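Let's walk through this chain together, from the overall layout down to a single residue. Have the model open as you read.

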Amino acid sequence: MAKERGVFKILWNSIVSSLKPRFSRRKLIGEDYYGTKYYEQEIRSSSRTKPPRFFEPVNKDDFMQELPAEWEAWLRYRRKEPPTKEEVEANYQLAMTKKKNAAELMEKYSQSKELSAPPQPVTPGNFPSYEDYKNSNNIYKPKQSE
């Protein structure tokens, strides 16, 4: 015999569960080199399988804040464990090295471009244009049948 669920029983359980106090305890997991703090909440209900993860930015008005890749992966559940301080520091040093090298390359190539001739404008269209084919005498004209 199938067990029936009563509508009143479902309503009563919903009302009772809504009246229970809910304390959200958040646990500080770590901090990145920008000063952003990352948290994880404890699961109080059995309906969620993964604990909610979120961050608290240093500047609350900055919506376009840059998140380090390792912390973003943790926030989106792509990694189980949060990044260690050593990993965060190593990635930060690598990012700073790349920025320094990019600045050096930009400076090097910006000086060499000033000495060279300006770039030729690109002609729009799908096909390149060649000097040999610009002469109208070279156009193929089929013979007309009589």
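A contact here means heavy atoms within 4.5 Å. Of the contacts in the chain with a separation of 6 or more, 29% come from residues 24 or more positions apart. Keep in mind that this is a predicted model: local features need pLDDT of at least 70, side-chain atom pairs count only at pLDDT 80 or more, and totals for chains, interfaces and linings use all residues. Residues are numbered from 1 along each chain as its sequence is written, and side-chain values use heavy atoms, with hydrogens and water left out.

Start with the layout. The chain has 3 helices and 3 strands, where helices (H or I, at least four residues) and strands (E, at least two) are DSSP runs numbered from the N terminus. Read from that end, the order is α-β-β-β-α-α.

Now for the sheet. The 3 strands form an open sheet in the order S1-S2-S3 with antiparallel pairing; two strands pair if DSSP finds at least two bridges between them. Strand S1 (26-31) and strand S3 (53-56) are the edges, each pairing on one side only. Between S1 and strand S2 (residues 37-41) there are 5 bridges, and Glu-31 has Lys-37 in S2 as its bridge partner.

What about burial? Of the 146 residues in the chain, 12% are buried, meaning under 20% relative accessible area, with exposed over 50% and partly exposed in between (1.4 Å probe, protein chains only).

Finally, look at the loop between helix H2 (69-75) and helix H3 (85-115), where you'll find Tyr-77. Tyr-77 isn't a glycine, yet has a positive phi of about 65°. At 28% relative accessibility, Tyr-77 is partly exposed.
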